[in-house]
Amino acid sequence: MTKSMTGFAAAQAAAGEHRISWELRSVNHRFLDISLRLPEELKPLDQECRNLIRNRVGRGKLDATLKLTLSPGTPTDWRLNEAALERLEHLTQDVKDRFAAASSMSVAQILRFPGVLQEPDLDTAAVTPQVLESLANALDKLENSRSREGDHLAALIAERCDQIDNIVTGVRARLGAAEKRYLDRLRERLSRLDVEAAPERLEQEMVILAQRLDVAEELDRLVGHVAEIRSVLGRAEPVGRRLDFLIQELNREANTLGSKAADEALTRDAVELKVLVEQMREQVQNIE
């Protein structure tokens, strides 16, 4: 199944008096790049969370954020931080020594001072199972999101594969007419110059024409690359890099076809091929 590298997922869980909230966002990237943000108390779980993500995501830049909050209505056993109060006391006294008219701080102002109030210590071991389980749930949702987007991209690529096949079929059908038009133009130029071409000269021109219009190999390779793209899209593994290589090969054949085109219609076909290949390249850039 083709997966996109773009996706979003969120998952919540309760862990005692706390509420766990995960948010996952991913975008395209050459490799797997994990940016993990955890509350300070849960930093010891960093490596375990990263391993869980690596087991589920192959490529992409993934931002994972965990928020830990108290459930609404939960009574909080706040404590005073004696060290912070002592620092505040010294600072307040220093200010009064310099500015005798300075007013004293109210209780509310003291409690708002950074670090004065402390929450109870978090029991990391007690919330660890819920943290990892909710991360796994978020990864499930992310995978579903990336799979839906991947299916959409695969459908767009398959549609362009069909268009390339149609162009190749049309080119094959028009090669004979293109050769005849080229020969007719050659005879017309010779007629205007009132020059009678020797048979051997015409034969030489036909050889040159055959060489210039010999695009059978390029057409065969285009068909082969398109067939391989369809096959790769059906694989149950990351296929983005392989598709990127195949798109490069398609572009190479389209350029060669354009350089050999000695006919206006064939030139238009080559241009249309290059447009389709470029559209496919843009879509493949977002596939895992």
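Guide: Let's begin with the overall layout, zoom in on those strands, and then move on to the helices.

What you see is a predicted model, where local features need pLDDT of at least 70 and side-chain atom pairs count only at pLDDT 80 or more, while totals for chains, interfaces and linings use all residues. Residues are numbered from 1 along each chain as its sequence is written, and side-chain values use heavy atoms, with hydrogens and water left out.

The protein chain has eight helices and six strands; helices (H or I, at least four residues) and strands (E, at least two) are DSSP runs, numbered from the N terminus. Follow the sequence along and you get the pattern β-β-β-α-β-β-α-α-β-α-α-α-α-α. The protein chain has 288 residues, and 37% of them count as buried (under 20% relative accessible area; exposed is over 50% and partly exposed is in between, with a 1.4 Å probe and protein chains only). Now take the contacts (heavy atoms within 4.5 Å) between residues at least 6 apart in sequence: 80% of them join residues at least 24 apart.

Now for the strands. Strand 1 covers residues 7-15 and strand 2 covers residues 18-27, and the two pair in the antiparallel sense over nine bridges. Two strands count as paired if DSSP finds at least two bridges between them. Strand 1 and strand 2 make a hairpin, with two residues between them. In that turn, Gly16 has a positive phi of about 65 degrees.

On strand 1, the covered face is made up of Gly7, Ala9, Ala11, Ala13 and Ala15, while Phe8, Ala10, Gln12 and Ala14 sit on the uncovered one. Strand 2 has a covered face too, with His18, Ile20, Trp22, Leu24 and Ser26. The uncovered face of strand 2 holds Arg19, Ser21, Glu23, Arg25 and Val27. Strand 2 also pairs with strand 4 (residues 60-70), in the antiparallel sense and over 10 bridges. Pick out Glu23, for instance, and you'll find that its bridge partner in strand 4 is Thr65.

Next, let's step from the strands to a helix. Ser145 is part of helix 4, which runs over residues 124-192. Set aside the neighbours within four places in sequence, and Ser145 is in contact with Thr6, Gly7 and Phe8. Gly7 and Phe8 belong to strand 1, with Gly7 on its covered face and Phe8 on its uncovered one. Ser145 counts as buried because its relative accessibility is 15%.

Leu132 is in helix 4 as well. With a relative accessibility of 16%, Leu132 also counts as buried. Not counting residues up to four places away in sequence, Leu132 touches Glu48, Cys49 and Leu52. Along the chain, Leu132 and Glu48 are 84 residues apart, yet their C-alpha atoms are separated by 8.3 Å.

What about the inside? A nonpolar core is a set of buried Ala, Val, Leu, Ile, Met, Phe, Trp, Tyr and Cys residues joined through side-chain atoms within 4.5 Å. The largest one has 32 residues, and the members touching the most other members are Ile157, Ile164, Leu219, Ile229, Leu243, Leu250 and Met280. Helix 4, helix 6 (216-233), helix 7 and helix 8 (264-284) each supply at least two residues of this core. Helix 4 gives the largest share, nine residues. There is also a second, separate core of 25 residues, and Leu36, Ile53, Val127 and Leu139 are among them.

Leaving out residues up to four places away in sequence, Leu250 touches Ile164, Leu222, His225, Val226, Ile229, Val277 and Met280.

Last stop: Glu253, which lies in helix 7. Is Glu253 buried or exposed? Glu253 counts as buried, because its relative accessibility is 4%. Not counting residues up to four places away in sequence, Glu253 touches Glu218, Arg221, Leu222 and His225. Look back at Leu250 and you'll see Leu222 and His225 on its list of contacts too.
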